[in-house]
Amino acid sequence: MKSMDNAYSVEVNDLTKKFGRFVAVDHISFYVQDGEIFGFLGANGAGKTTTIRMLCGLIRPTSGQGRVEGLDIFTQTEAIKQDIGYMSQKFSLYDDLTVEENLVFYGGIYGMPSSELSLACEAVIQRMDLVSQVKKLTRSLPAGWKQRLALSCAILHQPKILFLDEPTGGVDPISRRAFWDAIHQLAEGGTTIFVTTHYMDEAEYCNRLSIMHEGRIIALGSPMELKDRYQQPTVEQVFIDLVKPAKA
Amino acid sequence: MRRVLHIIRKEFIQIRRDRTMRALILLVPIIQIWVLGYVISSEVKHVSTVICDLDRTSTSRALIERLSHTVYLNVRYHEERESLVGEYLDAGRAMIAVVLPAGLEKNLQTLQPSRIQLLVDGQDANTANVALGHIAGILEAYLTDRVRSQSAAALLSEEIHLLTPVVQVWYNPNLKLSDFMIPGIVVFLLTMITTLVSAMGLVREREIGTLEQLLVAPIKKHELLIGKIIPFALLGLFEMGLAIGFARLWYHIPIVGNLGLYLLLSIIFLFTTLGLGLLVSAFSHTQQQAMFMSWFILIFVLLMSGFLFPIENMPRLAQWLTYLNPMRYFILITRELFIKGAGLRHLYIQGLILCLFGALIFTFSVLRFQKRLK
């Protein structure tokens with residue numbers, strides 16, 4: 001059992017979530033180091049979103065322990081919320097607000113004072129290359145731009161850790177590549193990234209990966225380690241290899 | 001506080017952007033007051049009537065003349081055979097049948113009683129009762145006039161002349177139903193709009209997924225809920241102002257009381273309807289569910305408030321239940337203040353009860369609302 005060390009951004013022990021009789025997350029344990037890109041890989045329904053929601057304080061775990069930025073996920077959920085950024089699979093934006101209004105609103109509910117808020121908006125707009133879109137209604141943006149805006153809203157308050165739940169669903173390959181470039185930049189800046197995906201090529205971008213299947217973590221390690229361990233050329237092959245016998 | 005302001009601002013931007021919503025906000029109160037003002041305040045008039053005159057004398061003709069010259073009745077048919085009178089009611093062509101018996105004039109001259117038969121279609125009990133009252137009044141007035149023009153001896157034999165009521169109608173001297181009903185429609189409008197927008201507001205965010213994003217932010221539940229309902233409260237008050245203004249201009253309803261006091265009491269009342277909406281949204285996952293649940297509750301709130309049906313006429317148990325209905329108190333406040341000019345001295349009990357209801361409903365919905373997902 002690992003010690004509760006502050007060098008870990010996330011630390012989870014025997015975490016379990018049951019919905020009635022259904023066990024969505026089944027005694028998982030892992031840690032995420034400060035500043036790393038940690039990938040959560042798994043098929044739909046493997047328990048990735050449930051895990052992320054437990055870490056963000058959106059769902060109360062059934063049992064186990066967990067800490068995010070040193071704060072308890074059972075008792076300190078409100079404190080955790082100040083430290084995290086979260087981007088859900090749906091890109092939770094207001095369609096009838098402009099790009100700028102969405103940014104100001106999401107910054108605003110984090111309690112940023114207006115001077116700081118306008119500076120932060122300006123910085124994010126530059127960084128994410130949103131200048132040309134600022135006055136447009138979010139409704140009119142293509143999916144790739146919406147995704148970029150959702151990411152911008154999630155990082156405006158400079159969270160220590162960013163949770164991304166299948167952030168690239170329904171987005172074209174070029175936008176996906178640009179998105180991952182932005183993620184790498186954030187990680188270099190010291191933000192911890194916790195990302196779930198079922199795109200295998202994205203898995204290769206992560207520092208470390210955990211492969212989840214039916215609520216359990218069935219493999220954990222860097223993409224290189226996993227490929228070596230299971231003697232496969234790609235993460236995709238590792239994944240298929242692991243999940244197939246598990247299903248049989 | 002800063003967070004609350006950001007939510008309020010966002011709500012207003014959204015309302016402003018929504019063209020349909022903008023049109024509805026302006027048109028709904030005016031159209032509802034305009035149309036419903038006529039519909040709900042419709043007094044009993046022009047009741048379709050059939051008359052069967054078996055007497056055929058100057059007396060019976062004079063009576064028919066009088067019955068024909070009142071706005072309350074519309075004497076559309078004259079039937080000669082008494083046996084066929086019922087057919088008019090069966091066919092729905094007439095609501096009331098008046099049968100003037102043979103020997104009516106002779107009986108009157110000899111001061112003998114006559115029985116004038118009235119057949120009434122009692123399906124709409126209220127209209128039937130009111131129309132019957134009018135007919136009784138007309139017959140009595142005829143009798144009075146006739147006896148007065150006869151001998152003094154006959155006059156003495158008529159009790160009704162010895163006891164003449166002197167009637168003074170207070171507050172609504174012309175007994176205009178519209179003065180009574182239209183302020184009720186304003187309350188109905190305010191209750192409906194604020195409950196529905198508040199019920200939809202949060203559920204809509206739940207549906208489009210933005211609620212999840214708000215829940216991972218470090219915003220307190222009460223900040224979120226207050227930020228959501230303040231715009232709805234302002235919207236409700238704006239709608240109410242529009243409705244009252246229109247009712248005043250178009251229907252000339254009286255506003256005797258103090259409008260400042262009314263505003264204060266309205267704000268207190270809004271806590272109950274907005275709180276109810278929040279409570280509904282805490283229990284609903286989709287806007288459809290919220291809509292169904294809201295209407296299920298609203299029907300009781302509206303019909304058990306005394307707005308359409310007088311509470312005194314309800315069975316005892318239903319009367320007790322109305323004490324749980326915030327709209328009951330606000331309907332009373334509205335009518336007393338508009339028509340009688342009642343002040344805080346008369347209305348403070350209702351005001352305090354509304355405060356209590358508002359605090360209870362609102363606290364309960366804040367407690368019920370979870371900053372977690374299911």
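The model is predicted: local features need pLDDT of at least 70, side-chain atom pairs count only at pLDDT 80 or more, and totals for chains, interfaces and linings use all residues. Residues are numbered from 1 along each chain as its sequence is written, chains are lettered from A, and side-chain values use heavy atoms, without hydrogens and water.

Chain A contains 9 helices and 10 strands. Helices (H or I, at least four residues) and strands (E, at least two) are DSSP runs, numbered from the N terminus. The radius of gyration of chain A is 18 Å, close to the 18 Å that the globule rule gives for 248 residues, so chain A is as compact as a globular protein of that length. This radius is taken over C-alpha atoms, and the globule rule is 2.2 Å times the number of residues to the power 0.38. The C-alpha trace of chain A spans about 50 × 40 × 35 Å along its principal axes. Of the 248 residues in chain A, 57% are buried. Buried means under 20% relative accessible area, exposed means over 50%, and partly exposed lies in between (1.4 Å probe, protein chains only). The accessible surface of chain A comes to about 10500 Å², and 49% of it belongs to carbon and sulfur atoms. Accessible areas come from the Shrake-Rupley method with a 1.4 Å probe; for residues, only the protein chains shown count as cover.

Two residues of chain A have a positive phi without being glycine. F91(A) has a phi of about 50°. F91(A) sits in the loop between β6 (84-87) and α3 (99-108) of chain A. F91(A) is buried, at a relative accessible area of 11%. For E214(A), phi is near 50°. The loop between β9 (208-213) and β10 (216-221) of chain A holds E214(A). E214(A) is partly exposed, at 48% relative accessible area.

Chain B has 15 helices and 4 strands. Its radius of gyration is 28 Å, well over the 21 Å that the globule rule gives for 374 residues, so chain B is more spread out than a compact globule. The C-alpha trace of chain B spans about 95 × 45 × 40 Å along its principal axes. Chain B is divided into domain 1 (2-41 + 174-373) and domain 2 (47-162); these bounds come from an automatic or database domain assignment. The C-alpha centres of domain 1 and domain 2 of chain B lie 48 Å apart. Buried residues make up 48% of the 374 residues in chain B.

A nonpolar patch lies on the surface of chain B, and its residues include L26(B), W34(B), F238(B) and W250(B). The accessible area of the whole patch is about 1000 Å². Like charges are joined within 9 Å, and nonpolar side chains (Val, Leu, Ile, Met, Phe, Trp, Tyr) within 5 Å. Helices α2 (19-40) and α10 (221-251) of chain B each supply at least two residues of the patch. The largest share, 7 residues, comes from α2(B). L26(B) is in helix α2 of chain B and is partly exposed, at 46%.

D55(B) lies in the loop between β1 (47-53) and α3 (58-68) of chain B. D55(B) is buried, at a relative accessible area of 12%. The C-alpha atoms of D55(B) and L100(B) are separated by 6.4 Å, although the two residues are 45 residues apart along the chain.

Conventions:
Patches are made of residues with over 30% relative accessible area and no salt bridge: like charges are joined within 9 Å, nonpolar side chains (Val, Leu, Ile, Met, Phe, Trp, Tyr) within 5 Å. A salt bridge is a side-chain nitrogen of Lys or Arg within 4 Å of a carboxyl oxygen of Asp or Glu.
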